[in-house]
Structures are given as structure tokens and as C-alpha cells.
Amino acid sequence: MFSAVVCFSFASRFYQVTTPDHVCWDETHFGKMGSWYIKRTFFFDVHPPLGKMLIALSGYLTGYDGNFPFEKPGDKYSGVNYIGMRAFCTFLEPVSLLWAS
């Protein structure tokens with residue numbers, strides 16, 4: 001039963017992970033911070049940095065160079081490989097389910 005829940009979790013989370021092809025709400029915040037980490041720009045944030053550092057790592061490993069501005073929700077991704085960062089975040093939820101068991 002647990003295996004079925006984990007498989008369903010992976011399938012439902014990865015279903016259409018590439019849509020929409022524009023910036024979503026939280027991506028404005030986390031994408032911007034990830035870009036700053038990739039570009040090694042100093043900034044101050046009141047939250048712990050690990051999550052944004054992992055998003056920056058996933059972006060870096062998938063070829064994102066940190067130059068997309070992530071200004072507001074609805075901005076179209078133009079020439080940006082955003083799928084790597086989304087897939088990484090999508091992957092973490094089912095993995096956390098496995099880790100918690």
C-alpha cells in the first residue's frame with residue numbers, strides 16, 4: 001500500500017510539470033534568490049538559506065545561468081531552462097514522504 005502511495009505521489013506531482021511556461025507565484029521569490037546564489041550576489045534574507053541554495057544548485061546543474069529576472073508572476077520564460085528547477089522541487093515531496101517513513 002505504501003509503495004502505491006509513493007508511486008501515485010510521483011506520478012501526480014510530475015504530471016505536466018512543464019506547464020505553465022511562465023513564472024508562477026513562488027517562483028518569483030525562490031527563482032530570484034536562486035539567481036542571486038548562482039551569480040554570487042550578496043543579499044540578506046530572514047529565512048534559512050538551504051532551500052534556496054538547493055534550488056540554485058538544481059538550476060546550475062541544469063544549465064541555468066542566473067540571468068532571468070523573475071520580476072512578477074506571468075512573465076514568460078524566454079530561453080530559460082526552468083524545468084530543472086521545477087522538477088527538483090517536484091521530486092522533493094515524494095522523497096520526503098519516503099524519508100519520513
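## A first contact

Leaving out neighbours within four places in sequence, V80 is in contact with Y64 and F68. Here, contact means heavy atoms within 4.5 Å.

Before we go further, a word on the source: this is a predicted model, in which local features need pLDDT of at least 70 and side-chain atom pairs count only at pLDDT 80 or more, while totals for chains, interfaces and linings use all residues. Residues are numbered from 1 along each chain as its sequence is written, and side-chain values use heavy atoms, with hydrogens and water left out.

## The overall layout

The protein has 4 helices and 0 strands, in the order α-α-α-α along the sequence. Helices (H or I, at least four residues) and strands (E, at least two) are DSSP runs, numbered from the N terminus. Along the principal axes, the C-alpha atoms fill a box of roughly 45 × 30 × 20 Å.

Of the 101 residues, 31% count as buried. Buried means under 20% relative accessible area, exposed means over 50%, and partly exposed lies in between (1.4 Å probe, protein chains only). Among contacts with a separation of 6 or more, 71% join residues 24 or more positions apart.

## The nonpolar core

Which residues make up the largest nonpolar core? The 11 residues are V23, I38, I55, A56, Y64, F68, F70, Y77, V80, Y82 and M85. A nonpolar core is a set of buried Ala, Val, Leu, Ile, Met, Phe, Trp, Tyr and Cys residues joined through side-chain atoms within 4.5 Å. In soluble globular proteins, nonpolar side chains tend to be buried together.

Let us pick out F70, found in the loop between α3 and α4. F70 counts as buried because its relative accessibility is 1%. F70 also has a positive phi of about 50°, although it is not a glycine.

## Helix α4 and its cover

Helix α4 runs over 83-100. The expected span of a helix is 1.5 Å times one less than its number of residues. For the 18 residues of α4 that gives 26 Å, and the end C-alpha atoms are 26 Å apart, so the two values agree.

Within α4, the residues G84, M85, R86, T90 and P94 are buried. Their cover includes α1, α2 (25-38) and α3 (50-61). Is T90 buried or exposed? T90 is buried, because its relative accessibility is 7%. Not counting residues up to four places away in sequence, T90 touches R13, F14 and V17.

## A patch on the surface

M1, F2, V5, L97 and L98 form a nonpolar patch on the surface, with about 490 Å² of accessible area together. Helices α1 (2-14) and α4 each supply at least two of the patch residues. F2 sits in helix α1 and counts as partly exposed, because its relative accessibility is 39%.

Patches are made of residues with over 30% relative accessible area and no salt bridge; like charges are joined within 9 Å, and nonpolar side chains (Val, Leu, Ile, Met, Phe, Trp, Tyr) within 5 Å. A salt bridge is a side-chain nitrogen of Lys or Arg within 4 Å of a carboxyl oxygen of Asp or Glu. Accessible areas come from the Shrake-Rupley method with a 1.4 Å probe, and for residues, only the protein chains shown count as cover.

Most residues other than glycine have a negative phi, and most peptide bonds are trans. The peptide bond from T19 to P20 is cis, with omega near 0°, and P20 lies in the loop between α1 and α2. R40, in the loop between α2 and α3, has a positive phi near 55°.
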